[in-house]
Amino acid sequence: MRERLHLGSFELMVLLAVIRLSDEAYGVPISREIRERGGRTVTFGSLYATLERLEQKGLISSELGEPTPERGGRAKKYFRVTAKGLREVRVAQRALQNLWEDLPQLEARRT
Amino acid sequence: MKSSESPSVATWLLEHFTCGQRNDSLIGDIIEEYRCDRSRAWFWKEAVGAILVSFGTEIRANGLLVLRAVTIGWATLYLGRFLLGSWPYMLSSPFDRRVPEAFDPLGHNGFIWWIFWIPVTAMSGWIVGRFHRTHRAMVLIFSASVLSWNLRMLPWICTLSIDVFSNSRYLPYLISNLAGFTLPPASILLAGLWNGPHRNESLPRNTWRLSK
């Protein structure tokens, strides 16, 4: 039986941001995406800790880009979601959709 | 986009206290975002946050290394203390086994003791840094352990700080105690980091800085 990873909510947000950004997924755009679309402010320290954890779980991979002057000559680290990462996102999406369905309290508020 | 340099002290701290593979790209991201109209306070907040996260990750991931670093550091300190504590006796009369006043660390002339003791603490920090070149947080952890041990001096320092207002003769004692509280952790930190930062040296960072 396949081992389930159980993504945390922030891990899921980071994975979705990486998927959305595609080839431009490095620290700065990922944090902006989470801030603007997810409505959550995140420090780079905790973002990188999460990215490192996701990479250790095999859900994302990374590669170094070229150093650029606006970054003080430091290279960008680009992230990409792996097949395993995509699978885990779909599993999380299905689980959340199942939980959202037919919630009577939410139905009442909508009217 | 801002053209100003990032706060140098905060950048230095980031270079020395964030560890692992993320170091360079993390600092680059903070600098890039800072140059998009972020304040110096924001940069400092990001730097301190990144250091604390890195510190926590190191402790969780390398428990045995933490134990080794603290053991090596304290063993060096005890050895140094033993060697330093024994030679004043050699200078004194064989019939008088009292420690000369100048070598009482918390005494009136305690600063003489600190002149000898600080190189020993610095040496312990240097050794810990040397043994853990790829895990810079170990120096910080060892320094923090020494600072925690020194916290026992705080009540005495507070008492002396109050007493010094009524009688100035307590001032040398206060200075000596303050030196004992702050200088060993600081010297451990500085000497431990003397081995050079851990980062990917293959990136031509200085070339970029010069070309700006």
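We begin with the conventions, then turn to helix packing and a loop residue.

Modeller: This is a predicted model, where local features need pLDDT of at least 70, side-chain atom pairs count only at pLDDT 80 or more, and totals for chains, interfaces and linings use all residues. Residues are numbered from 1 along each chain as its sequence is written, while chains are lettered from A and ligands numbered from 1 in the order in which they are written.

Colleague: How many helices and strands does chain B have?
Modeller: Chain B has nine helices and zero strands, taking helices as DSSP runs of H or I with at least four residues and strands as E runs with at least two.

Colleague: What describes two packed helices?
Modeller: The angle between their axes and the distance between the axes. Here α2 (residues 23-34) and α3 (residues 40-61) of chain B pack at about 165°, with axes 10 Å apart. That makes α2(B) roughly antiparallel to α3(B), a term for angles over 145 degrees.

Colleague: Which residues make the contact?
Modeller: Leu26(B), Ile30(B) and Tyr34(B) of α2(B) meet Trp42(B), Phe43(B), Glu46(B) and Ala50(B) of α3(B); contact requires C-beta atoms, placed from the backbone, within 7 Å.

Colleague: Where is Asp37(B) found, and is it buried or exposed?
Modeller: Asp37(B) sits in the loop between α2 and α3 of chain B, and its phi is near 60°, a positive value in a residue other than glycine. Asp37(B) is exposed because 9 other C-beta atoms lie within 10 Å, and exposed means 12 or fewer.

Technical notes
Axes fitted to C-alpha atoms, helices over the stretch in contact; angles between N-to-C directions. Parallel < 35°, antiparallel > 145°, perpendicular 65-115°, else oblique. Contact = placed C-beta atoms within 7 Å. Buried ≥ 20, exposed ≤ 12 C-beta atoms within 10 Å, placed from the backbone.
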